[in-house]
Amino acid sequence: MTSPTLSRIAIGRAELLSRSAKATDALGMFAEASAQLRRLMPYDAAVWRVTDPVTGMMTAPIRAENLDESGCAVYWESELFTENVNLFRDLARAPVPVAGLRQTTGDLPARSTLYQSFMRPRGLQDELRAVLRVGDRPQGHISLFRARGRAAFDAADTQLIASLLTPLAKRLRSFAEPVTHPLPDSPHGPGLLLFSPQGRLLSVNDDALAYLESLPEGPAVPSPQGIRVPAWVQAIAMKARAVAEERDRGHARARVRNRAGRWLVCHASCLREADGRLGAAAVVIEPAKASEIVPLVVDAYELTDRETEVTQYIARGLPTGEIAAQLHLSPHTVRDHIKAVFEKVSVSSRGELVGKLFTEYYAPMSERGIVRVHND
């Protein structure tokens, strides 16, 4: 017989997923999911983040609840330079990508530098963090916090969060679908921001200011110039320094969509002084090339690896017979794959498919080319 508690959780979980599925953007999804989740497992503060599915770097948008913005740098400094407990990069590859701080440390959270530098000063006693992922691709992060005096997150909490990760990640992934209207070419060149070793903004060019103005609202940190620097941009600068110091691995790179729907890429590297020492971290923001965005769009439509291959050959203008020869398939099988792709992308011809996925209306004119389309 089902207990009242289990029944309540099952109903609440179904309601959470239903409301999240109806959200039209990531922030809306985060708001709905958090409101419903608090009813099932209380917590006092939270951060919901979108991540780049290739690099795992957090990007925009971000939803922070009951946390001051001044702690962003402290949080990521711990994650990138000193922390060795429940790292997001490790959770992303874990069989179950959810972990509680007090669970992991044997109820001794002071073993964690995150607890010492970020949580304890804010009256927080436990963190449950999770990676929203589909397959091996992280789509987002969740950090839930409980204040001092509350019970630690337990196995039931972990199990509930684990059951939500894939459906929420799939919904996040779907927001990469193309906008329905053409976008004008970007009027700006590369934006450049320089950050000190402590993560403080040193200087910025006008193009970077224009890009910052176009980004979704979210947690930001003040700067001496009076500019509010998005927390994720500062984190990318810190990531570049951590990689340069061999304290971390991977790439300081993330893709982000601005409020108009245009894709941008933000990447960073550390400069070196004349004596060889590491200097400022240089962060560049610029329009993303189509080659960086098409994989996200393909994922958003949930195409299989084979369907993606077929789609790429269609974009190159190959007829069915040549695609079949390239993939060592029968023409009939290729036509079945094409039909499946058309249904998933909601198009009825090769021309529509190429126009929807590969015509780079969001990229500079210099990147665009003419694509031959065979209709056989």
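D107 sits in the loop between α5 (101-104) and α6 (113-119), where helices (H or I, at least four residues) and strands (E, at least two) are DSSP runs, numbered from the N terminus. The model is a predicted one, in which local features need pLDDT of at least 70 and side-chain atom pairs count only at pLDDT 80 or more, while totals for chains, interfaces and linings use all residues. Residues are numbered from 1 along each chain as its sequence is written, and side-chain values use heavy atoms, with hydrogens and water left out.

At 45% relative accessibility, D107 is partly exposed; buried means under 20% relative accessible area, exposed over 50%, and partly exposed in between (1.4 Å probe, protein chains only). N66, also not a glycine, has a positive phi of about 60°. This residue belongs to the loop between β2 and α3 (72-82), and N66 is exposed, with a relative accessible area of 61%. As a rule, most residues other than glycine have a negative phi, and most peptide bonds are trans. The bond from A60 to P61 is cis, with omega near 0°, and P61 is part of strand β2 (residues 58-65).

Strand β2 also takes its place in an open sheet of five strands, ordered β2-β1-β5-β4-β3 with antiparallel pairing; two strands pair if DSSP finds at least two bridges between them. At the edges are β2 and β3 (98-100), each pairing on one side only. On average, neighbouring strands of this sheet are turned by 10° against each other, direction ignored; the axes are lines fitted to C-alpha atoms (for helices over the stretch in contact), and angles run from 0 to 180 degrees between N-to-C directions. Strands β1 (residues 45-51) and β5 (residues 137-147) run antiparallel and are joined by six bridges. W48 has I142 as its bridge partner in β5.

Strand β4 (residues 124-134) holds R129. With a relative accessible area of 1%, R129 is buried. Its side chain makes a polar contact of 2.9 Å with the side chain of E79 and another, at 3.1 Å, with the side chain of E127. A polar contact here is a pair of N or O atoms within 3.5 Å; within protein, one must be able to donate a hydrogen and the other to accept it, and residues adjacent in sequence count only if both atoms are side-chain atoms.
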